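Open the model in your viewer and keep the sequence panel beside it. The stops below tell you what to select and what is there.

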Amino acid sequence: MPKLRWGLLLLAAWSLHALAQTAPVPTITLEDALQRARANSVQFQAAITESKVAHEDYVQARAALLPSLSYTNQYLYTEGNGTPSGRFIASNGVHEYLSQGNAHQALNLGLGQIAEFRRTSAAEALARAKAEIGARGLVATVVQDYYALVVAQRKNGNAQTAATEAKSFLDLSQKLEQGGEVAHSDVIKAQLQSNDRDRDLRETQLGSEKARLSLAVLLFPNFNQDFNVADDLNATPALATFADTEILAQRNNPALRAALAAAQTAGDGVTVARSAHFPTLTLDYWYGIDASHFATRTDGLHNLGYAAAATLSLPVWNWGATQSKVKQAEFRRQQARVELSAAQRGLIADLHALYAEAESARDQLETLRSSADLAAESLRLTNLRYQGGEATALEVVDAQNTLLQARNAYAEGEARYRLALANLQTLTGTF
């Protein structure tokens, strides 16, 4: 029986291994990559957590503006001295029972609580803006690494095609040499070209693997490398007009929202600090028992009753600590205003620069596509001319190199446009 059990376990393990080996490799789209990156990014999750924490601060500050209700049960024992009051003058009796509900409200007459509530509201908006900044920055990073892999795979495919063409040219030159139609120098040139293309192929394979590793770090918690990416570079998205992007940037820019929220937070911080100069009024209302017996009646008298208290606390002297806190808050407010001004200026400059980059990358796509098509036609015609004895081996090699460079440049141009759009949308949001 033990041998049979071990045999079944080995068979099950082998079956699972075989199933894993035959499982289809997933193809990941850009949207899939973005979802995976959001789930696995430590920085993005930290920003989301800070946003949630800031929301709870807002809830707590709002609760501080409202009355609180608590209920207290207490038993006090005092050493007796033969009298009902006991040995300690502060005690009401030898045995004392308290069971009371308390409604409590503290009011700062300098409106410090309201300012604190507004400050936490602004802090929550600041945290949300920072989370949005992190989300958009993550999108740009994923887009860069995603299309870096797509371009690396395209370059690998181009290198394979170029290696095949170089091998074909080598075979052709060898056949023509055997027929006495070309010199041996053509064969040497073709052989050198084939060697160069083989080295290029190995380099592009290495580059593809490096790009795959960089993207895998972002997408998978267990560092999985068995995946494919969808090549959608040919589906060129449209670029909005500058007027539209300017409106979107003014409305949706998280960095500007963060600077505005930081300025409001700093301003409310000054009010909070100044409120310490003002009195605080505390209101309390109790209802319950405070008696020598734990009962609602004692010796025919009702123990249930109420009490109320109002306390006014006046700040008098604390060696300048409050004024020092006010100065600190004013320094922070001034710095926040400087940062807000810088953010506004930076938004204008960044918007113009990023839009110009996206516009330039888009305008170059048609030229790059045309160059790749022309280079392919040039190579075809040059090969025909070489077979007819009208072109040299150098011209063929030059046409092959030109085609490889044109195809690679076209792939890089498409990826550049996608990345330029992603960078622009960090300011504007999706358009």
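Two strands count as paired if DSSP finds at least two bridges between them. Strands (E, at least two residues) and helices (H or I, at least four residues) are DSSP runs, numbered from the N terminus. Now pick Y287; Y306 in β8 stands opposite.

This is a predicted model: local features need pLDDT of at least 70 and side-chain atom pairs count only at pLDDT 80 or more, while totals for chains, interfaces and linings use all residues. Residues are numbered from 1 along each chain as its sequence is written, and side-chain values use heavy atoms, with hydrogens and water left out.

**A nonpolar surface patch**

Select L107, L109, F278, L283, L312, L314, V316, W317 and W319. Together they form a nonpolar patch with about 1,100 Å² of accessible area. Areas come from the Shrake-Rupley method with a 1.4 Å probe; for residues, only the protein chains shown count as cover. Patches are made of residues with over 30% relative accessible area and no salt bridge; nonpolar side chains (Val, Leu, Ile, Met, Phe, Trp, Tyr) are joined within 5 Å, like charges within 9 Å.

The classes are buried (under 20% relative accessible area), exposed (over 50%) and partly exposed in between, with a 1.4 Å probe and protein chains only.

**A buried serine**

Go to S41, in the loop between α2 (30-40) and α3 (42-64). S41 counts as buried, because its relative accessibility is 13%.

**Salt bridges**

How many salt bridges does the rule give? The count comes to 17. The rule asks for a side-chain nitrogen of Lys or Arg within 4 Å of a carboxyl oxygen of Asp or Glu.

Start in helix α4 (residues 112-178). E116 and R119 lie there three residues apart, about one turn of the helix. Their side chains meet in a salt bridge at 2.7 Å, N to O. E116 is partly exposed at 26% relative accessible area. R119 is partly exposed too, also at 26%.

Move to helix α8 (residues 321-387). E359 and R362 are separated by about one helical turn, because they are three residues apart. They form a salt bridge, with the closest N and O atoms 4.0 Å apart. E359 is partly exposed at 32%, and R362 at 31%.

Stay in α8 and select E366 and R369, again three residues apart. In their salt bridge the closest N and O atoms are 2.6 Å apart. R369 counts as partly exposed at 27% relative accessibility.

Last stop: select R154, D231 and E414. These residues are linked in a network of salt bridges.
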